[in-house]
Amino acid sequence: MRAHTRTSFAVTALLCAAVAAGATACGPSSEDAKPTKPAGPFAGLTGSEIVDKAFAATAAAKSLTVDVDTTSEGERTRAYVSFDSTGKCAGTVTTGTAATTELIRVDRKNVYMRFDEASLNEQAKGESPEVREAMLKTLKGRWVEMAASEPEAKEAMEMCDPKTLLGGFEQGATGIVRGGETTVGGQKALTLTEPDGDGGTSTVYVATEGTPYVLRIVTKGGTEPETVTFTQYEKPVKAKAPAAKDIADLD
């Protein structure tokens, strides 16, 4: 489903439906009986149409939380981030085994980041002992403030935008197969699956009750396995700027 691993094949599953008022069963009743579109949750919609509907609902949500666990080029990244449509965002991103960065954005102007010691040591690789010591002394336990327009800030805040998280999925993609019903976090969901071009499969779990939000995306096999879970839709996001005394003076 990701843009760089698109495949296409037709959805072929066809289900029957009652065609006369008062019908209590379905099935071919004569030689000219015609197959109809899928029944069940999202009756009449193809897998592609359901996914498009779910992605549109998710991208339009006023707020949500994502729990990301992905591996790319052998490096694992985990993130737990909450954000809303006003620009607020708060959470953590961990790379490797322990290097963690905390993120806060209270509006679309400034971004605050705080690095743990493992993250600072990772960034200071190749530097002299004096530089490493200065970095730890200046930044350990303190926040760094930067303009949201700076490249580093934009990259760090990619997890705070549902359109970015879903941007690798093509609108109107074909070859998405409707699967069975299940539950995700206690919510009823429909599974929709498509093979990836790199040998894996991606499965989208869509809520079947209430707004058809994406509840989870799981990519297995291939070169970039990933699980993204979407929760806390329409819940307030707690994002408050750090106190001035806790912000590092980089000057």
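Reader: How many helices and strands does the protein chain have?
Author: The protein chain has five helices and 11 strands. Both are DSSP runs numbered from the N terminus: helices are H or I with at least four residues, strands are E with at least two. This is a predicted model, where local features need pLDDT of at least 70, side-chain atom pairs count only at pLDDT 80 or more, and totals for chains, interfaces and linings use all residues. Residues are numbered from 1 along each chain as its sequence is written, and side-chain values use heavy atoms, leaving out hydrogens and water.

Reader: Thanks! Where is Thr 70 found?
Author: Thr 70 sits in strand β1, residues 63–72.

Reader: And is Thr 70 buried or exposed?
Author: Thr 70 counts as buried because its relative accessibility is 14%. Buried means under 20% relative accessible area, exposed over 50%, and partly exposed in between, with a 1.4 Å probe and protein chains only.

Reader: New topic! What does Val 214 touch?
Author: Not counting residues up to four places away in sequence, Val 214 touches Ala 54, Phe 55, Thr 58, Val 204, Tyr 205, Phe 230 and Tyr 233.

Note on methods
Contact = heavy atoms within 4.5 Å.
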